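Visitor: Show me how to read the packing in this model.
Guide: Take a look first, then we go through it.

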Amino acid sequence: MDNAARAVIFALMSQDTDIAIVGGGLNGLALALAFARTPLSVTVIDAAPRATHADPAFDGRSYALALASVRLLRALGLWDGLAADSQPIREIKVSDGRVSDGAALLGLHFASAEIEEGPMGHMIEDRYLRRALLDAVDAAENITHLPGETVTAQEAGPHGGALTLASGGTVRARLIVGADGRGSGTASRAGIGRTGWGYGQTALVCAIEHARPHEGIAHQLFLPAGPLAILPLPGNRSSIVWTEKTGLAEEIGALSEADYLHVLRPRFGDFLGEIGLAGARYTYPLSLSLAKSFTAPRVALVGDAAHGVHPIAGQGLNAGLRDVAALAQVIEEARARGEDIAAPAVLERYASWRRFDTASLAAATDLFNRLFSSDAPALRALRDLGMRGVQGLPGLRRRVIREAAGLTGDLPDLMR
């Protein structure tokens, strides 16, 4: 019986599984695949219909994968098929500018050649990464994928948990994992509260085509309203993550393509020549959203369900994939020792592993956004002094590169 047939039968009746993952996004699918090489059975409950995931059109969304995340995808057997559609990030250039400065005033320069491991990361489009994850999930014997399905109720007991589906079925599992984003229903039903705040900023996200080659260089330009990231894609294309105050961002997002580009050009500069839009445009309100706990009885959270941070450093997905690798390792080690994979002591190992790292990332992104999203002369002088100091200290610069590549801290085995 193939995976699709198993999914249909599963949706019509109550079944048992070792791990139920609520959320079929990138983190949820990657976590399922991390368990594919183990004896554990996994069910992915995915609110999005399969047709939505499988759409091959380029919609403008892309991700900056740190080197550690690339290692995870390689360990899952996916990277060889993705590498040809990715773009290595060979350098990062950072500047503290104003709208009219474009990307000309470069204050920091980080090069992959300063570390031995190779490119510090790769850019990959959503359409390639998501499809690779879905195809691998479909091929895995111990994973059942339930697309177009939602959870309406959740219970946890001493020996397992139960999820009631909108279709009327029930999924009973030893462990429930919430990979269902910032508004995680899994966390809410488990009684896990959240803390955080909005930034009054909105990210405008799109892809552009440009006349000149980007040479694999990522640019981060700090403007008074917020950062503008220009991230290299294969060919003469780049991904744009452009932060503005929310009111202005909403106005820009409603503009025609020609007017949208007219507003973008003076911020972007002319260093890549003529530019045009490639794919759809998106807007995302920006906020900090942290779960007060990574775990509850029979429940663990990963990705944005546990921590949603400002995209200023492009580390959101990378932090989620580090959750995935850490949780998979903790659970598999517990299984190999004969432990209950969702015992409180087991889940606390995962929470304690990830707690400091994610809190540090949240604090750093929050601080940098507040520090750089201002045109006050005193702050500009402080920022410029700090950037000159980092640029002049090779050891510190190398540390920053390794941090961006995800190579610092206690790495899970799948990222080594």
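**Core and contacts**

Guide: Leaving aside neighbours within four places in sequence, I331 is in contact with I19, F35, L40, L175, I341, V346 and L347. Contact means heavy atoms within 4.5 Å. The model is predicted: local features need pLDDT of at least 70, side-chain atom pairs count only at pLDDT 80 or more, and totals for chains, interfaces and linings use all residues. Residues are numbered from 1 along each chain as its sequence is written, and side-chain values use heavy atoms, with hydrogens and water left out.

Visitor: How many residues has the largest nonpolar core?
Guide: A nonpolar core is a set of buried Ala, Val, Leu, Ile, Met, Phe, Trp, Tyr and Cys residues joined through side-chain atoms within 4.5 Å. Buried means under 20% relative accessible area, exposed over 50%, partly exposed in between (1.4 Å probe, protein chains only). Here the largest core has 78 residues, and I331 is among those with the most contacts inside it. Helix α10 (residues 316–336) gives the most to this core, with ten residues. Helices are DSSP runs of H or I, at least four residues, and strands are runs of E, at least two, numbered from the N terminus. A second, separate core has 23 residues, including I115 and A405.

Visitor: Which side chain does E117 join by a polar contact?
Guide: A polar contact is a pair of N or O atoms within 3.5 Å; within protein, one must be able to donate a hydrogen and the other to accept it, and residues adjacent in sequence count only if both atoms are side-chain atoms. The E117 side chain meets that of R402 at 2.9 Å. Their C-alpha atoms are 9.4 Å apart, across 285 residues of chain. E117 sits in the loop between β6 (108–111) and β7 (121–125).
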